Amino acid sequence: MPAQTAQDAGSRAEGRPPAGTADATTGTDGTDGPPAEAVGPLLRGVGLLRRLTAAGGTMSPSGLERATGLARSTVDRITATLARMGHVRLDGREVVLTPRVMELGNAYLAALRLPALLGAHADAVADELDESVSLAVADLDGIRFVHQATRRRAMSVSFRVGDLLPAERTAPGALFATEWDRADWRRWHARRAQDPADAAFPAVPPRSPSAAGDFTARVERARRDGWALDDQLIEPGLVAVSVPVREPDTGRIACVASVVSHTSRHSAAGLRTALLPRLRTAVAAMEATLRTAPPPEPGAPPSELAAWTGASKLELGRDFVESLARGLTVLTAFGEGRPALPLAEVARATGLSRATARRALITHEHLGLVTARPDHSFALTPRVLDLGFPPLSRSTLPRLAAPHLRALADRLRESTALAVLTRGGTEIQYTAGAAASRVLTVHIAVGTRLPAAATSLGQVLLADTAGPVSPESEAARTRGYVLVDEELESGLRSIAVPVRDRTGRAVAAVNVSTHAARRTLEDCVRELLPELRATADRVQDDLRTADRFTRVPLL
């Protein structure tokens with residue numbers, strides 16, 4: 001392995017950027033050092049989030065210390081602040097990204113509107129062709145996915161929403177490059193010279209520096225044909241065909257839609273005849289949707305954030321880095337109906353002073369997270385998705401619920417579980433759980449199926465089904481919980497509440513199980529139910545954050 005390639009491989013493993021790529025203090029234009037008005041703690045906090053994201057979402061404090069070059073005390077203060085904000089969880093000796101950090105990426109995707117407007121078209125094509133379909137936007141000299149409709153197969157495409165790929169190794173990249181100017185091409189050449197193995201792109205396998213291919217020729221072909229082909233540019237066996245979706249007002253490329261497959265299903269040449277016509281039809285429908293979509297209604301901006309950060313500083317003292325928390329909240333000022341905001345609006349939405357908001361925006365602009373427009377407004381860039389989104393965009397409901405179930409079991413010293421109704425609606429399937437640290441405890445293995453009518457989990461889910469229900473189920477729906485006393489097994493008592501998705505539909509249930517000798521029925525309602533409901537609320541909050549722009553499987 002050449003020396004630089006070996007060094008870059010080590011950078012990938014430790015969540016560090018490779019030699020020659022931008023870090024937390026280097027601007028996206030390659031300039032050295034931040035502006036004088038940049039917020040130092042915000043620079044360091046964003047750098048730490050990026051390293052944690054590159055490492056897959058989990059890293060030890062000592063690993064973050066090595067990857068960022070920060071002092072251990074600084075790492076501890078940053079992670080304590082991020083934990084207070086709900087962006088990370090301090091899990092023993094590990095720092096773990098949590099779904100709430102996705103609110104930063106959600107702000108960008110909501111402001112972008114493309115996933116909300118075009119995602120259903122992409123999903124329909126994926127269902128019809130039984131192939132993975134993606135939407136990607138340009139991100140400097142790379143492309144970044146903003147929507148994924150993937151097929152669940154033994155061999156499937158594993159790209160995630162938020163993943164960044166080098167333009168020259170993708171079909172969308174050739175299409176976006178048809179609109180590059182000389183500065184864009186200079187940036188691309190500089191990046192290729194600094195990072196020939198693509199170590200700055202952890203979503204793709206490293207490549208040999210000699211395997212660049214003739215990107216300029218593919219760009220000219222894409223310009224001529226109006227579509228582009230990926231013939232195993234990323235890795236052997238992976239092929240894709242892409243078509244641009246153009247903005248109705250300017251005709252420029254808003255995003256690129258791609259159908260992705262592998263060579264055991266389609267050859268690269270076969271994509272043109274088998275898949276391209278249907279993709280073009282879908283793109284025409286997408287462009288029609290962009291032409292006719294009504295202006296968005298501005299959503300509610302965040303409120304009282306400045307007051308919250310101030311109160312947290314008073315409570316935690318030096319362990320809470322207030323300038324980092326305030327800087328990150330600035331990103332959430334943007335959203336649906338608020339794609340571009342002047343300084344005054346950012347300050348008003350966050351409750352921060354104009355001076356504080358201005359310094360945060362200067363810092364974010366230097367880091368490439370925000371761009372300043374000619375009309376003096378600011379807008380988020382796709383780089384916001386670097387902050388924790390990709391590792392969490394493939395979360396499942398059991399994975400989201402697991403830490404909350406563990407915490408509940410530890411607090412109550414009783415076993416907890418998560419379950420869903422099976423397709424037939426007569427059984428439940430256990431999907432996650434946490435056992436109590438007792439000699440006599442309840443333990444039902446993940447994957448176990450039981451009759452829904454005999455369990456608290458099943459009864460609370462049956463009470464929420466559409467159509468006529470029994471008087472008992474109607475009463476359970478009104479109460480919001482089910483308490484089962486020794487129906488499944490002698491001595492076993494269980495209380496359950498539903499977990500609801502963004503639409504309010506009960507998609508799962510959580511319960512606490514105990515032995516009849518330990519708690520009376522009244523104890524279950526008085527002592528267990530409040531804790532159980534609080535846990536269900538936490539699981540619901542994570543689910544609703546994670547599934548706003550990604551699909552969260554229930555199993």
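Predicted model: local features only at pLDDT ≥ 70, side-chain atom pairs only at ≥ 80, totals over all residues.
Mentor: Residues are numbered from 1 along each chain as its sequence is written, and side-chain values use heavy atoms, with hydrogens and water left out.

Trainee: How much of the protein chain counts as buried?

Mentor: Of the 555 residues, 51% count as buried, a word that means under 20% relative accessible area, against over 50% for exposed and partly exposed in between, with a 1.4 Å probe and protein chains only. The chain exposes about 24,200 Å², of which carbon and sulfur atoms supply 51%; such areas come from the Shrake-Rupley method with a 1.4 Å probe, and for residues only the protein chains shown count as cover.

Trainee: Why is T431 called buried?

Mentor: T431, which lies in strand β14 (residues 427–434), has a relative accessibility of 10%, and because this is under the 20% limit, T431 counts as buried. Leaving out residues up to four places away in sequence, T431 touches P398, L418, A419, V420, V446, L554 and L555, where contact means heavy atoms within 4.5 Å.

Trainee: How do you know that T170 is buried?

Mentor: The relative accessible area of T170 is 3%, which is under 20%, and therefore T170 is buried. T170 sits in the loop between β6 and α7 (171–177), and its contacts, apart from neighbours within four places in sequence, are I143, L165, R218, D230, L233 and I234. The C-alpha atoms of T170 and D230 are separated by 5.8 Å, although these residues are 60 apart along the chain.

Trainee: What makes β4 and β5 a pair of strands?

Mentor: Two strands pair if DSSP finds at least two bridges between them, and strand β4 (residues 132–139) and β5 have seven bridges in the antiparallel sense. A138 stands opposite I143 in β5, and the two strands form a hairpin with two residues between them, where L140 in the turn has a positive phi of about 50 degrees. Strand β5 (residues 142–149) is mostly covered, with eight of its eight residues buried. Three bridges join β5 to strand β6 (residues 164–166), again in an antiparallel arrangement, and R144 has L164 in β6 as its bridge partner.

Trainee: Why is the pair of W180 and W185 called edge-to-face?

Mentor: The structure holds seven aromatic pairs. The ring centres of W180 and W185 are 4.8 Å apart and their planes stand at 75 degrees, so the pair is edge-to-face. The rule is that rings of Phe, Tyr and Trp (its six-membered ring) pair if their centres lie within 6.5 Å, with planes under 30 degrees apart counted as stacked, over 60 as edge-to-face and the rest as tilted. Both W180 and W185 are buried, and together with W188 and F215 they form one aromatic cluster.

Trainee: How do you know that R479 lies over the face of Y481?

Mentor: A charge sits over a ring if NZ of Lys or CZ of Arg is within 6 Å of the ring centre and within 35 degrees of the ring normal. R479 lies over the face of Y481 at 5.2 Å from the ring centre.

Note on methods
Helix = DSSP H or I, 4+ residues; strand = E, 2+ residues; numbered from the N terminus.
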